[in-house]
Amino acid sequence: MTETHSAGVRGDSGPEAARLVASRVLDVPDFPKPGVMFKDLMPLFADGDAFRQVIDGIVAHHGRDSFDTVVGIEARGFVVAAAIAYATGVGVVPVRKAGKLPRPAYAASYELEYGEATLEVHQDAFTAGHRVLVVDDVLATGGTAEATLDLVERAGGTVAGFTVLLELSFLGGRDRLAPRPVHALLTV
């Protein structure tokens, strides 16, 4: 494992936030399969001060009153979403892998950079026009994000924003999500 290089970093919240995230990311080669370089954000989550700064930065970027609910994408997105929801006093809704939700759900299948998956959200997760901030840890090809944003809208929510801690720009996820705005604390 190696630390993601933090010199000359960039992100949508400026170089200080980007350096903070970069300093807490570990590169794990060949996970979950050979040839994939996994970006492990667990050291960021484990550092209370750094994690608080990241959450505060996301809230400051979007504004406390710009969303009614936070959606976290399974699984690391749950950590970020719960912290933002707590910090702003709003609810949190999980977008889960297929078969994990107990009530009627909308489903969306998509391709990952290393396979296929299906995500679900409860059909009654939002009321019409509910403003939803969607968060995840990493934006890669954009398949997971695109499926999630579509699920939010199918369930009656209005996407108020989309934030990730780390964007792998060479995989083109931001382009895939256009014209929706993407906020990434660190872009590599």
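His-62 is buried in this predicted model, because its relative accessible area of 16% falls under the 20% limit that defines the term. The residue belongs to helix 3, which covers residues 48-62. Beyond its neighbours within four places in sequence, His-62 is in contact with Phe-67, Leu-133, Gly-161, Phe-162, Thr-163 and His-183.

**Overall form**

The protein contains 6 helices and 10 strands. Its radius of gyration is 16 Å, close to the 16 Å that the globule rule gives for 188 residues, so the protein is as compact as a globular protein of that length. Along the principal axes, the C-alpha atoms fill a box of roughly 45 × 35 × 30 Å. Of the 188 residues, 45% count as buried. The accessible surface comes to about 8,800 Å², and carbon and sulfur atoms account for 52% of that area. Among contacts with a separation of 6 or more, 58% are between residues 24 or more positions apart.

In soluble globular proteins, nonpolar side chains tend to be buried together. Here the largest nonpolar core has 31 residues, of which Val-54, Ile-58, Val-70, Val-80, Ile-84 and Leu-165 touch the most other members. Two or more residues come from each of helix 1 (15-22), helix 2, helix 3, helix 4, strand 8, strand 9 and strand 10. Helix 3 gives the most to this core, with 6 residues. A second, separate core holds 23 residues, including Ala-108, Leu-119, Phe-126 and Leu-151.

Val-70 illustrates the packing in the largest core. Not counting residues up to four places away in sequence, Val-70 touches Ala-81, Ile-84, Ala-85, Val-90, Gly-91, Val-92, Val-93, Leu-133 and Val-135.

**Helix 4**

Helix 4 covers residues 76-88, and its 13 residues should span 18 Å at 1.5 Å a residue; the end C-alpha atoms are 19 Å apart, which agrees. An α-helix has 3.6 residues a turn, so residues three or four places apart point the same way. The buried residues of helix 4 are Gly-77, Val-80, Ala-81, Ala-83, Ile-84, Ala-85 and Thr-88. These buried residues pack against the elements in the table below.

| Element packed against helix 4 | Residues |
|---|---|
| Helix 2 | 42-46 |
| Strand 4 | 69-73 |
| Strand 5 | 91-97 |
| Strand 8 | 130-139 |

Helix 3 and strand 9 are also among the elements against which the buried residues of helix 4 pack. Just after helix 4, Gly-89 takes a positive phi of about 75 degrees.

**Strand 10 and the chain ends**

Strand 10, residues 183-187, is mostly covered, with 5 of its 5 residues buried.

Where does the chain bring Ala-22 and Thr-187 in relation to each other? Although 165 residues apart along the chain, their C-alpha atoms are separated by 9.2 Å. Ala-22 is found in helix 1, and counts as buried because its relative accessibility is 0%.

Methods. Residues numbered from 1 in each chain as written. Predicted model: local features only at pLDDT ≥ 70, side-chain atom pairs only at ≥ 80, totals over all residues. Heavy atoms only, no water. Buried < 20%, exposed > 50% of the residue type's maximum accessible area, 1.4 Å probe, protein only. Helix = DSSP H or I, 4+ residues; strand = E, 2+ residues; numbered from the N terminus. Contact = heavy atoms within 4.5 Å. Expected span 1.5 Å × (residues − 1). Rg over C-alpha atoms; globule rule 2.2 N^0.38 Å. Areas by Shrake-Rupley, 256 points an atom, 1.4 Å probe, with all protein chains shown as cover. Core = buried A, V, L, I, M, F, W, Y, C linked by side-chain atoms within 4.5 Å.
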